[in-house]
Amino acid sequence: MWFQQGLSFLPIALVIWTAATFTFSYIIAVTLHHVDPALPYISDTGTMAPEKCLFGAMLNIAAFLCLATIYVRYKQVHALNPEENLIIKLNKAGLVLGILSCLGASLVANFQKTALFVVHVSGGVLCFGMGSFYMLVQTILSYLMQPKIHGKQIFWIRLLLLIWCGVSVLSMLTCSSLLYSGDFGTDIVQKLHWNPKEKGYVLHMVTTAAEWSMSFSFFGFFLTYIRDFQKISLRVETNLHGITLYDTAPCPVINEQTRLLSREF
């Protein structure tokens, strides 16, 4: 099966698991009337118990899957371009940005806005902000590697997804800035329910729609890794410095290479 080739299952698992995280927490939150059905903030669906427990646990696993996906992509680009200095530097920058984005997702999962708002917002900025820059770096890498490594089509797809993400980011930043700087009430930070007749409702809806839109652009971007990941696997190497675990004189090193995941690169 195509999804069993190489490590192609990794981005698929990431997208499916993250989508399930948002869906399950949304259903529970709406069923228990903790949020409004019409486009709440993603993290608002994981603010109240019991859905916050599920949201936090599942989003932490999603952050781990995202980190694994980013690391595999880093190793693949490095192996394909061992002597291209610009690509090597961009690849390392992408790895750092990706790690920061995953850290941000974990902060969002563990610190609800009703508990520690500053930490929660900082996590969101890391997750979406660094994630957007990660997409930018990977799109540039795709441009630099075509047509030698892959075709032009994948570059154009990633560029369109980057533009989609950029429009969503700009919309969210603009509307959220207007919302939080305007005179729309003192409890707006902790607010979970909105009335369509309230001041600031339109700005709130545009902000939340942009957040969901940005998340979908992330999903689409990681799905573009499926075909690339069909042609890579990783191996783990074990080095034994002795045949026992006692404090004895060292013996010749015993090397063992074990397939970590799927087939060889």
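In other words, the chain holds seven helices and two strands. Please bear in mind throughout that this is a predicted model.

Let me turn to the overall dimensions. The C-alpha trace spans about 75 × 50 × 35 Å along its principal axes. The chain has 265 residues, and 43% of them count as buried. Its accessible surface comes to about 14400 Å², and carbon and sulfur atoms account for 69% of that area. As to charge, the chain carries 17 positive and 14 negative charges, whose mean positions lie 9 Å apart. Considering contacts between residues at least 6 apart in sequence, 71% join residues at least 24 apart.

Which residues touch the most other members of the largest nonpolar core? That core has 43 residues, and the ones in question are F22, L59, I70, V72, M135, F222 and F229. Two or more residues come from each of α1 (9-31), α2 (51-80), α3 (85-110), α4 (117-145), α5 (152-181), α6 (201-223) and α7 (225-229). Helix α2 gives the most to this core, namely nine residues. As an example of the contacts made here, V72 meets L7, L10, F229, I232 and L234, if neighbours within four places in sequence are left aside.

Is H204 buried or exposed? Its relative accessibility is 4%, so H204 counts as buried. Not counting residues up to four places away in sequence, H204 touches L39, Y41, L179 and W194. With W194 there is also a polar contact of 3.5 Å between the two side chains.

Next, consider the loop between α5 and α6, where G182 has its place. The relative accessibility of G182 is 32%, and therefore G182 counts as partly exposed. Between G182 and G200 there are 18 residues of separation in sequence and 8.3 Å in space, taken from C-alpha to C-alpha.

Finally, I would draw your attention to a pair of residues on two helices. S217 lies in helix α6, and C165 lies in helix α5. S217 has a relative accessible area of 0%, so S217 is buried. C165 likewise counts as buried, because its relative accessibility is 0%. What does S217 contact, leaving aside its neighbours within four places in sequence? The residues are M135, L161, W164 and C165. Seen from the other partner, and with residues up to four places away in sequence not counted, C165 touches S132, M135, M214, S217 and F218. C165 and L54, by comparison, are 111 residues apart in sequence and 27 Å apart in space, C-alpha to C-alpha.

That concludes my presentation, and I thank you for your attention.

How values were computed: Residues are numbered from 1 along each chain as its sequence is written. This is a predicted model: local features need pLDDT of at least 70, side-chain atom pairs count only at pLDDT 80 or more; totals for chains, interfaces and linings use all residues. Side-chain values use heavy atoms; hydrogens and water are left out. Helices (H or I, at least four residues) and strands (E, at least two) are DSSP runs, numbered from the N terminus. Buried means under 20% relative accessible area, exposed over 50%, partly exposed in between (1.4 Å probe, protein chains only). Contact means heavy atoms within 4.5 Å. Accessible areas come from the Shrake-Rupley method with a 1.4 Å probe; for residues, only the protein chains shown count as cover. Lys and Arg count as positive and Asp and Glu as negative; His and the chain ends are not counted. The place of a charge is taken as NZ of Lys, CZ of Arg, CG of Asp or CD of Glu. A nonpolar core is a set of buried Ala, Val, Leu, Ile, Met, Phe, Trp, Tyr and Cys residues joined through side-chain atoms within 4.5 Å. A polar contact is a pair of N or O atoms within 3.5 Å; within protein, one must be able to donate a hydrogen and the other to accept it, and residues adjacent in sequence count only if both atoms are side-chain atoms.
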